[in-house]
Amino acid sequence: MMNFFLKFYFHKHPLFLVLLSFFFSSFIFAQDEEEEALPFDAVIESEMGGKRMKFYGNTRFNFNQAYFSNWISGGESALTVLYGLDYNFNYSDRNGLVWDTNLLLSIGTTYLSGSKFLKKADDRFEINSLVGKQINRYWNYSGFLNFKTQLLPGFRFYNEDGNELREKVSQFLSPAILQAGLGFYYKKSDSFRLNLSPISARFIVVSKNYTKELAPDAKYFGVDFNKRSKFFFGASISGFFQKEIMKNIIWENKFSTYVNYLEKTKNVDFEWDTNIRFKVNNKISGNFILHLLYDDDLLGELQVRELLGLGVNIDL
């Protein structure tokens, strides 16, 4: 019954997400009233372990490989190589300033026997930076900046007259997404943080090379014919959650939603990136990544990315 109620209101009232965020923030504010009297020195000692700055993260190399030779039941040889890094920088001072920045890079390629082209396995570059002013132990006023794009060209592969061909459909900074906003930042620990931004601007930027030849009513990643960018104004909720589900197995989740006030207000864009990291030993580890993305302006369908690999993992 509760699920039906939420789905009904979420569909009928596109700004329900914003009202829910305000209700959620008010509820947790009330829980934290007892901590408002804490001096900022005590806040910083508890949050940063006595440190003003903290730098930590993870670098990983993953490999997936399959080889077939004269295998009667069939099969194609394949090799996938993935490289990724995910680093965080945290800063706090005695005046209650909080600055958290995250850098994410993930890139990979796949070789398939019989194909003359290497194909992408992953290509992401993202920077998230948030500056806050502490209200109490866990809550901050906040301003955030998010930037993401790809590093390598993207191609559409097809066959014509028996030949394997490709067409470039995207490239570095095309598209690029820039988002900034004001709101409230909740951070209880490095394992859980939440940013509520009822005022959030968003830009999608592309190369005009891809829009100048569009049909007049067509769009390229949401950008109109012969344009370079598109502007959005709305609300966003984003966050991070991490949990050790059992020894040497870490479950990480990054999530975000966006509601556009200006058009298509019933559409809610969302992104959920979940990563299960399991250690074999201090150097060898595995990853299972499931990445779900729905953005009506980029592609009006659910995008799914799933990776499973074993490789070298370096924690900092």
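Leaving aside its neighbours within four places in sequence, which residues is V223 in contact with? The views below start there.

This is a predicted model, in which local features need pLDDT of at least 70 and side-chain atom pairs count only at pLDDT 80 or more, while totals for chains, interfaces and linings use all residues. Residues are numbered from 1 along each chain as its sequence is written, and side-chain values use heavy atoms, with hydrogens and water left out.

**View 1. V223 and the largest nonpolar core.** Apart from neighbours within four places in sequence, V223 touches I204, V206, T211, L214, A218, R228, S229 and K230; contact here means heavy atoms within 4.5 Å. V223 also belongs to the largest nonpolar core, whose ten residues include I177, Y210, F232 and L298. A second, separate core has six residues, among them W139, Y186, L194 and L196. A nonpolar core is a set of buried Ala, Val, Leu, Ile, Met, Phe, Trp, Tyr and Cys residues joined through side-chain atoms within 4.5 Å. Buried means under 20% relative accessible area, exposed over 50%, and partly exposed in between (1.4 Å probe, protein chains only).

**View 2. The hairpin of β6 and β7.** Strands β6 (residues 154–160) and β7 (residues 163–170) pair in the antiparallel sense over seven bridges. Look for N159, whose bridge partner in β7 is E164. Two residues lie between the strands, and D161 in the turn has a positive phi of about 55°. Strands (E, at least two residues) and helices (H or I, at least four) are DSSP runs numbered from the N terminus, and two strands pair if DSSP finds at least two bridges between them.

**View 3. R60 in β1.** R60 is found in strand β1, and it counts as buried because its relative accessibility is 9%. Its C-alpha atom is separated by 8.6 Å from that of S285, 225 residues apart along the chain.

**View 4. The second largest pocket.** This pocket has a volume of about 470 Å³. Among its 25 lining residues, N58, D86, Q242, E252 and R277 are the closest to its centre. β1 gives the largest share of the lining, four residues. By class, the lining holds five nonpolar, eight polar and twelve charged residues. On a 1 Å grid over the protein atoms alone, a pocket is an open set of points where a 1.4 Å probe fits, with protein on both sides within 12 Å along at least five of seven lines; lining residues have an atom within 4 Å of a point. Grid points are joined across faces, edges and corners, and the volume is the space filled by probe spheres set on them. Ala, Val, Leu, Ile, Met, Phe, Trp, Tyr, Cys and Pro count as nonpolar, Asp, Glu, Lys and Arg as charged, and the others, Gly among them, as polar.
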